[in-house]
Each structure stands twice: as C-alpha cells, then as structure tokens.
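Morning, everyone. Please have the sequence and the model open. I'll talk about rings, then about a pocket.

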Amino acid sequence: MATSSAPTRNPNPVNLGLDHLPTALIATIMTKLDVPSILSLASTCKTFRSCAVHILSFLPNFHLPDVAPSMDLLRPLLPPNNQYLKSVKVDCTRLDDSSLDLLIRPSLHELYLRNCADFSGKLLSQLGNSCKDLRFLYLSSVAEKRGRSIDVLHLEELLSGCTHLETLILMFDVSIFLRHNFARVWSLASSRLIALEIGYISSVMVTELLSPAVGPHQSSIHPQPSTLPNIQKLCLSVDYITDTMISTISKYLTSLTHLDLRDSPIMEPRMAFDLTNNGLQQINAHGKLKHLCLVRSQEIAPAYFKRVNDLGILLMADKCSDMESICLGGFCQVTDTGYKTILHSCSKLYKLRVFHGTHLTDLVFHDIVATSLSLTHVSLRWCKLLTNLAVASLASNGDLSTLDLRDCRNLGDEALRAINTLPKLKTLLMNGCDISDVGLSYLGKGSMKSLVSLSVRGCKRLTDKCISALFDGNSNQELRELDLSNLPNLSDAGVLLLAKSRVPISELRMRQCPLIGDTSVMALASMRVDENVWCGSTLRLLDIFNCGGITQLSFRWLKKPYFPRLRWLGVTRSVNRDVVDALARSRPYMHVATRGEELGTDQWDDSDDMYLQDYEEDDEFEEWLLGEDTSDDEMEDAVDMADLFE
C-alpha cells in the first residue's frame with residue numbers, strides 16, 4: 001500500500017526572518033524615526049535598506065543637524081521625486097550653490113540651513129522663486145566666505161516670493177545691504193510675518209526699516225502703518241541700543257509680545273547713540289509685551305548702560321506688570337531698588353536673568369517669599385555682590401528648574417545646601433563659585449537626582465572627591481551634561497570614578513585640567529552604561545582641550561569602535577598634528593576642534609514628535625554615511641557617497 005508523504009513544514013515557524021514581515025509594517029515603523037535612525041537601520045540588512053530607499057521618497061521631514069553632509073551624500077537622501085517634503089534641517093558647511101536644486105523644493109514649509117558661508121545671494125533668490133509656501137526660514141552665515149557675494153536684490157526676491165512666511169531668522173550681518181533700498185525691500189515682506197530675528201544690523205537701519213515711509217503728498221501728522229505691522233517677536237543684535245530705536249519699535253510694532261535687543265559697542269556711546277531713562281519709559285507702549293531682553297555685551301569692550309538708573313526701571317515697571325520674562329544685562333547704575341521694583345510689580349514673572357548686575361545684592365531677594373512669584377528660571381551671572389543668603393531666599397521658589405549663578409564669586413557650600421532643597425531643578429551652573437567637595441556632597445543628597453545639566457567649571461577647590469560626592473551610591477541616571485573644566489585638582493582617578501558610576505552622560509567637558517591624561521580617555525572609552533553592551537560610551541561631546549596628560553596614546557582610543565556616538569571632540573592639535581588630522585579624516589562626520597573654541601551645536605527646534613534612536617554598540621549611522629566597514633587598525637579617508645543606494 002502506497003504511503004503519501006507528509007507536507008514539508010518549517011521546523012521553527014515562529015522564527016521567521018525579516019523578509020517575512022509586511023513591507024508596509026516596516027515602513028510605518030521607520031517613518032516614526034528620525035533620519036539618522038533610518039540610515040542606521042538601512043545599514044543592517046537588505047530588507048531595511050530597500051525600505052529606507054522607499055521611505056526617503058515620501059518622508060515629510062529631513063533633519064540631519066549633527067552632521068555636515070557633502071553633496072554626494074545628500075543626493076541619494078533627498079530624491080527629487082519626494083513631493084511630500086515639508087521640513088529640512090541641514091548643516092551646510094560642506095555645501096555651496098551647486099546644491100541649491102537639491103535643498104530647495106516647492107513643497108517646503110520649514111527650512112533650516114546652518115553655516116551657509118559658501119553660498120552666495122542666489123540662495124535667497126532661489127528660495128523666493130521656488131518656495132512660495134515657506135512658513136519658517138532659518139539661514140546662518142550666508143556668503144561669509146571670501147568671494148561669495150550677496151545683494152539687496154537677492155533679499156528682495158526672497159521677501160517678495162515667500163508670501164506665506166511667518167518666521168524669518170537671518171543669522172548674518174545684514175548691514176552689508178545698501179541702506180537706501182533696505183527699508184523699501186522690507187515693505188514687500190509677507191503680511192503674515194510675525195517673528196523676525198537678525199544676526200547683526202545697525203540701529204539706524206532698524207529705525208529706517210520700521211518707520212513708515214511718508215510720500216510726497218502725505219501728511220506726517222497722521223500716523224502711517226508700519227512696514228512690518230504684524231510682528232510679534234523681534235530679536236536683533238545691533239551696534240547700539242538707542243532711545244530712537246526703542247521709540248520706533250514701541251510706536252509702530254503694536255502687536256509686539258517678545259522683544260530681544262543686544263548690543264556690543266566697541267567704545268562708550270554718546271548720548272544720541274545710547275539708551276537712557278527716557279527710552280526705557282517708552283517700552284511696552286501698547287501693553288502687550290510679555291518677554292523683554294536688553295543686554296549690553298562685554299565681548300568687545302567693557303561697556304555699560306550708564307544713562308539708565310533706578311528711575312528708568314521704575315518707569316518701565318509701571319507699564320510691565322504682565323511681563324513673564326525679563327533679561328537685563330550691563331545696567332551698572334541700577335541698584336537693589338530697581339530690581340526689587342521688577343520683582344514686586346511683575347506678578348506673572350517666571351524667568352529672571354540679570355548679567356553684570358554690579359549693584360545687585362542679597363537685599364533684592366530677602367523678602368521674595370512675600371511675593372506671589374513662581375520663578376522657574378533664574379540667571380544672575382557676574383553678580384559678584386551676591387552671597388549664600390540670596391540663594392537661600394531664592395530656594396523658596398520650589399518650582400525652579402534652571403539656576404545660573406556663574407561667576408558669582410562669593411557663593412559657597414551653604415548655597416549648595418539651599419539648592420539641595422529644590423526638587424525640580426534640571427540645570428545648575430556654578431562656574432567660578434567658591435564651592436568645595438563638601439558642598440557638592442550636599443547636592444548629592446537631593447537635587448542631584450533631578451539634574452540634567454551641571455557645570456562647576458573653574459571651581460578651583462574641587463578635587464577627585466567631588467565625583468564620589470556626586471555619584472557614589474546615588475547615581476543620577478538623568479544627568480546628561482557635565483562640565484568639569486579648569487579644575488586644577490581633578491585627575492584621572494576622578495574620571496575613573498565617573499566611568500564606574502555608569503551615568504549616561506552625553507556631553508562631558510574637561511578642558512584645561514592639567515592632571516587629566518590618557519587614563520581618563522581609556523576609562524571613558526571603556527565605560528559601560530549597560531552590562532550587555534560593550535564600548536557603551538554615550539558621549540556625543542568630549543572636550544579635553546589643553547589637558548596636561550593627553551598624548552598620542554589617547555588618539556588610539558578615539559578611533560572606532562570606541563566612542564561610537566561621538567560627534568564633537570575638543571583636543572590640542574600641538575600634541576601631534578598628523579595624528580589629529582588623521583583622526584579627523586577617519587571620522588569625517590565628527591567635528592574636531594583644535595583651537596580652543598567652545599563645542600556644541602546650535603539649538604535646533606526639537607518640536608517634532610518623532611522617536612530619536614539611542615544608537616547601539618557600533619554607530620551604524622556613521623558606517624552607512626561612509627559606506628564602508630570601519631576598522632580601528634587604520635584610518636582611511638571617506639569614500640565617495642554617490643553609489644550608496646546603487
């Protein structure tokens with residue numbers, strides 16, 4: 001009798017490969033990721049790679065903020081057939097005018113382009129001609145490279161073409177445009193424009209820009225509409241903050257809710273080019289202002305607002321009772337009386353920042369508990385008369401999440417004892433304060449559990465014991481940013497304690513620490529946040545510039561596969577120029593700084609609701625970018641990106 005053979009069955013039907021997953025399911029999941037995460041997945045298998053190619057043809061948001069891509073890399077990532085692309089964020093350090101057709105799409109609503117030094121004014125012209133539906137535009141450093149030109153006609157094409165523009169941020173010097181055409185060009189701007197930020201502009205140009213033009217047959221008696229009537233947020237960096245500019249802004253911007261003005265004079269301004277009590281009195285003429293920032297920077301010269309005193313603050317506070325955020329910098333004639341007036345008049349204030357408050361003392365805060373204030377952000381930088389008593393009074397605001405006390409030299413351990421009581425504190429900056437290891441031990445018992453960012457740069461009394469005081473037996477898994485720079489007594493032993501704590505720090509600054517050496521780099525490279533993951537360093541930024549013990553040995557540990565997530569590295573090039581250059585070539589998408597510049601990216605708008613991947617053992621994203629298998633035995637140049645998807 002013939003026997004029929006049984007049908008062949010999969011011995012393990014549950015263990016199906018990725019090829020058996022529905023493509024639609026994989027695509028749906030991948031569309032929830034950011035671009036680096038999608039590219040990381042694409043490097044793991046053919047299924048994900050094929051799916052990534054498909055997704056990039058209809059992805060609405062292309063955000064690549066931490067990497068400066070080349071033209072060859074961008075070409076396969078921004079396919080021309082993607083008609084659904086709405087938002088683009090790119091660092092343009094390696095791009096120029098030849099990439100305009102790749103970046104600029106008619107479908108765009110948001111465009112963020114940083115470091116556009118190699119672009120000319122054609123960037124503005126093409127945006128105006130192509131992006132009619134653009135709502136948000138951010139451009140920085142346009143045409144700053146020698147040989148690149150930009151003209152007011154390019155600006156005219158941008159403003160006349162982008163008729164739906166609501167937010168415009170031009171982070172470069174617009175004073176290069178011809179003055180006699182500048183104001184006329186801005187009259188072409190979209191009536192929907194509600195937010196304007198400019199990297200640098202002269203105060204005279206601001207006045208001309210905002211003042212309505214009076215025609216030959218028009219009377220100057222009757223008020224004319226402003227050039228930008230609907231502006232609600234205005235942020236400008238100017239040569240001088242003057243009464244005339246303040247008067248013009250207050251008179252013609254009737255809907256203004258947010259005003260941020262900063263200047264940095266190269267010399268002490270004359271009366272006509274300065275801010276006085278009279279100008280301060282004109283602020284918030286229409287009663288809608290919620291956020292005010294007036295700062296005279298000390299970057300170029302030690303200049304102050306010497307023509308503003310307590311009377312000016314009193315006159316201003318009378319109109320600013322609904323203010324929610326106030327920032328004052330360089331008001332050297334304002335005393336406790338003026339600052340107390342602000343605290344007692346502005347009942348809705350939640351953010352207070354004072355820079356270079358030369359006459360600000362503890363008395364301003366001694367009765368703050370009697371007010372109805374609920375401060376969440378306080379910054380009192382360079383207020384050198386403050387003592388621990390002021391901090392003890394501020395600690396009565398239990399909702400404080402950000403506290404910046406940098407360069408308040410008289411603050412010590414008792415200030416940290418008071419800060420320890422703040423349960424919601426996320427950011428604490430104590431640079432240059434007179435604190436010790438004992439003071440940080442107070443912090444380790446309370447607020448340390450909630451801190452995300454901590455800076456004790458230049459606190460000379462701190463030693464290795466401060467690390468154990470902060471982390472020993474009380475590991476804070478929330479901490480992401482730690483600044484231990486300029487600590488003469490911090491050594492490799494302290495960094496070893498930090499590595500053993502397994503705190504998932506993403507930004508670590510230890511510049512100008514003479515006792516930090518190769519052992520620290522090796523410890524951080526071998527740091528394990530998770531037992532199941534080797535080379536698990538979470539660092540995305542490491543600053544070891546001018547650390548005394550760094551030799552060529554450290555650079556072996558800065559190669560792959562160590563520090564898989566590192567995007568910013570600060571080192572001293574004099575250690576060995578060839579080794580530093582080779583490291584930069586082997587990791588082209590890591591920014592290597594060698595001149596002592598501060599590290600970090602600009603603050604991008606992270607409002608998207610996408611899931612951001614925490615990269616695993618190896619940085620598949622960087623491997624995908626390079627299109628090669630990396631090895632820690634040699635340093636090779638990046639390969640051509642043109643065939644990534646071929």
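Which residue lies over the face of Y112? It is K89, at 4.6 Å from the ring centre. Keep in mind that this is a predicted model.

Now, aromatic pairs. How do we describe one? We give the distance of the centres and the angle of the planes. Here the count comes to 6 aromatic pairs. Take Y112 and F136. Their ring centres are 4.8 Å apart, and their planes meet at 25°. Stacked means planes under 30 degrees apart, so this pair is stacked. The pair also links distant parts of the chain. Y112 is in strand β3, residues 110–114, and F136 is in strand β4, residues 136–140. That puts the two 24 residues apart.

Are these two buried or exposed? Y112 has 4% relative accessibility, so Y112 counts as buried. F136 has a relative accessible area of 17%, and F136 is buried too.

Next pair: W557 and Y562. This one is tilted, with 4.8 Å centre to centre and 40° between the planes. Y562 counts as buried, at 17% relative accessibility.

F177, F182 and W186 form one aromatic cluster. And R417 lies over the face of Y442, at 4.1 Å from the ring centre.

Last, the pocket. How many residues line it? The answer is 19. Nearest its centre lie A68, P588, M590, H591 and V592. The lining divides into 9 nonpolar, 4 polar and 6 charged residues.

Technical notes. Residues numbered from 1 in each chain as written. Predicted model: local features only at pLDDT ≥ 70, side-chain atom pairs only at ≥ 80, totals over all residues. Heavy atoms only, no water. 1 Å grid on protein atoms, 1.4 Å probe; cavity = no way out; pocket = protein on both sides within 12 Å on 5 of 7 lines; lining within 4 Å. Nonpolar A, V, L, I, M, F, W, Y, C, P; charged D, E, K, R; others polar. Phe/Tyr/Trp six-rings, centres within 6.5 Å; stacked < 30°, edge-to-face > 60°. Helix = DSSP H or I, 4+ residues; strand = E, 2+ residues; numbered from the N terminus. Buried < 20%, exposed > 50% of the residue type's maximum accessible area, 1.4 Å probe, protein only. Lys NZ or Arg CZ within 6 Å of the ring centre and 35° of its normal.
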